[in-house]
Amino acid sequence: MKLVRDIIKLHSDMGLSIRKIQGATGVAKSTVADYCQRFETLGLSTEQIDALNDDALRLQFFPDIRSITVSRKVMPDMNYIHQELKRRKKTKVTLYLLWEEYKEEKPDGYQYTQFRVHYRKFQKKLNPSMRQTHLSGEKLFVDYSGLTMPIFNQKTGEVEYAQIFVAVLGASGYTFVHATHSQKQEDFIYSHVMCYNFFGGVPRVVVPDNLKSAIISNNKNGVVVNESYADLNRHYGVIVDPARPRKPKDKPKAEQGVQAIQRYILARLRHHKFFSVDELNEAMAELLDRYNNKIIKHLQKSRTELFNELDAPYLNPLPQNNYVYKQFKLAKVNQDYHITLEKCNYSVPFKYIKEEVEVRYSTQSVYIYHKHSLIATHPRLRRVGDTSTLHEHMPSEHQYVYEKMNPARLRSWATNIGEYASIFVEDAFAEVSYKPQAYRKISAVLSLAKLYGNTELELALMYATQMRTITTKSIKSILDKKLYLAKSANNMQFTTQHTVFNNHANIRGADEYK
């Protein structure tokens, strides 16, 4: 339903046409039109749509299932149409006239709108080189320079190479440059935030290259935008329209801007020695102002003047707050009503046990959603193993009605293994305020008896208790390396009949081999 929400926002909030929405989302025009018509019929606002969860929104938009009809219309001869249009300077023929001739021959054929759609698809296959016309405030082209700048570490003497982010507005050519430590997602998004602040507004469309920080895949099956990058552009109300892979002509402004920045700014700084990215950005900022203020000979105007005339009046206003970088992850709620994120645990209301949730997290906060509804908010934890549990997420009674795992079952399981297994279970329960929080750890350790046997697990738990290393990882390591053998043989007396050790008098010791 996320796609439905995006289409409604583009249609209602940004006022885009159906054709523009099709280009931005990759959804067929007929589907876009259907969604928009359903939205208008419902009479709901975008705020009301956003307040609905996925299930409620699905019921509103799709109360019934309509049959899908397969088109059996005759396809026009696109080669003939293309050749006729090539001669239109002499013959004055138009696409509409060719459609009328097609309809006279095929009365049941396509209507004019679909006729044009099919012809444009045919044109794309021809791969012509075309000069692009850029509208005011419409497109921003972004790319990284292939040329990097060295950053010297004063303490270690090591050299790292800063990545140079370049953004160019389509109509004016007004340019922004920003250096970061890497091209990773967080740095890439931060450069966009700085870029929009530099321009004092946001364009309607951003055209990135196909780096993984922006685009997951871009092929005949459609465009899949990185969720964090999509969230950034939803915050600013920008459409993502990536260039095709290995098609630099799709973003000529970016290619020209990168080349110009390399020659005008980076080349001038080639003899400078920088010790931080911030220092490099300060140096580039001075040269960037000179570059944007430089007069373009064939226009007799600077990029700054063109920006003020063409782009600045048509940019959309900045939102009140800068975008805060977030990452996204799908998680499943564990039996203890917690989800695990980067080895830390966060609680959700216990009724969502075993449900799949979406986690959105920044450097400061963690937000957990279930079907687009926010169900939990936590501060971000950093230390491995930390747990954030809200009291209101706990059940009223510390027992679930249909709970598969419970303390009595775990204690019985441990008793069947041995004495040290029972001690381990009791210690694990004593470490937590709510017993289900220990279920995963206990189950993981007791399950090792299936692989190694009850006796071996008992010896490993005895060894771990003496060494005070009671963790799942350490116990498995003890079992794999059989550390309990040496420790037990040297320091312990065993009276148990069934053991892995044979202590009878006929065993020869090390002295026999001297």
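Reply: Happy to. In the lining of the second largest pocket, helix α17 gives the largest share, with 3 residues. Please keep in mind that this is a predicted model. Helix α17 covers residues 439-446, and the other elements that give two or more residues to this lining are the strands β12 (338-341) and β13 (344-347). The lining has 20 residues in total, and those nearest the centre of the pocket are Asn345, Gly385, Gln437, Arg440 and Lys441. Sorted by class, the lining holds 8 polar, 7 nonpolar and 5 charged residues. The space inside this second largest pocket comes to about 550 Å³.

Rolling a probe the size of a water molecule over the atoms shows where empty space is left. Searching the whole structure turns up 1 cavity of 30 Å³ or more. The largest cavity holds about 40 Å³ of space. Around it you will find Arg5, Ile8 and Lys9, together with Thr46, Ile49 and Asp50. Two helices, α1 (2-12) and α4 (46-51), are the elements that give two or more residues to that lining. Its residues comprise 3 charged, 2 nonpolar and 1 polar.

Next comes a pair of helices. The axes of α2 (residues 18-25) and α3 (residues 29-42) come within 9 Å of each other and cross at roughly 115°. On the α2 side, the contact is made by Ile18, Arg19, Ile21 and Gln22, while α3 brings Lys29, Val32 and Ala33. Of these contact residues, 4 are nonpolar, 2 are charged and 1 is polar. The crossing of α2 past α3 is right-handed.

Last, a look at the aromatic rings. The structure has 18 aromatic pairs, counting rings whose centres lie within 6.5 Å. One example is Tyr96 with Trp99: their ring centres are 5.3 Å apart and their planes stand at 50°, so this pair is tilted. Both residues sit in helix α8 (residues 95-105), where Tyr96 and Trp99 are 3 residues apart, about one turn of the helix.

Methods:
Residues are numbered from 1 along each chain as its sequence is written. This is a predicted model: local features need pLDDT of at least 70, side-chain atom pairs count only at pLDDT 80 or more; totals for chains, interfaces and linings use all residues. Side-chain values use heavy atoms; hydrogens and water are left out. Axes are lines fitted to C-alpha atoms, for helices over the stretch in contact, and angles run from 0 to 180 degrees between N-to-C directions. Helices (H or I, at least four residues) and strands (E, at least two) are DSSP runs, numbered from the N terminus. A crossing is left-handed if the near helix is turned anticlockwise from the far one by less than a right angle, and right-handed if clockwise. Contact means heavy atoms within 4.5 Å. Ala, Val, Leu, Ile, Met, Phe, Trp, Tyr, Cys and Pro count as nonpolar, Asp, Glu, Lys and Arg as charged, and the others, Gly among them, as polar. On a 1 Å grid over the protein atoms alone, a cavity is a set of points where a 1.4 Å probe fits but cannot get out, and a pocket is an open set with protein on both sides within 12 Å along at least five of seven lines; lining residues have an atom within 4 Å of a point. Grid points are joined across faces, edges and corners, and a volume is the space filled by probe spheres set on the points. Rings of Phe, Tyr and Trp (its six-membered ring) pair if their centres lie within 6.5 Å; planes under 30 degrees apart count as stacked, over 60 as edge-to-face and the rest as tilted.
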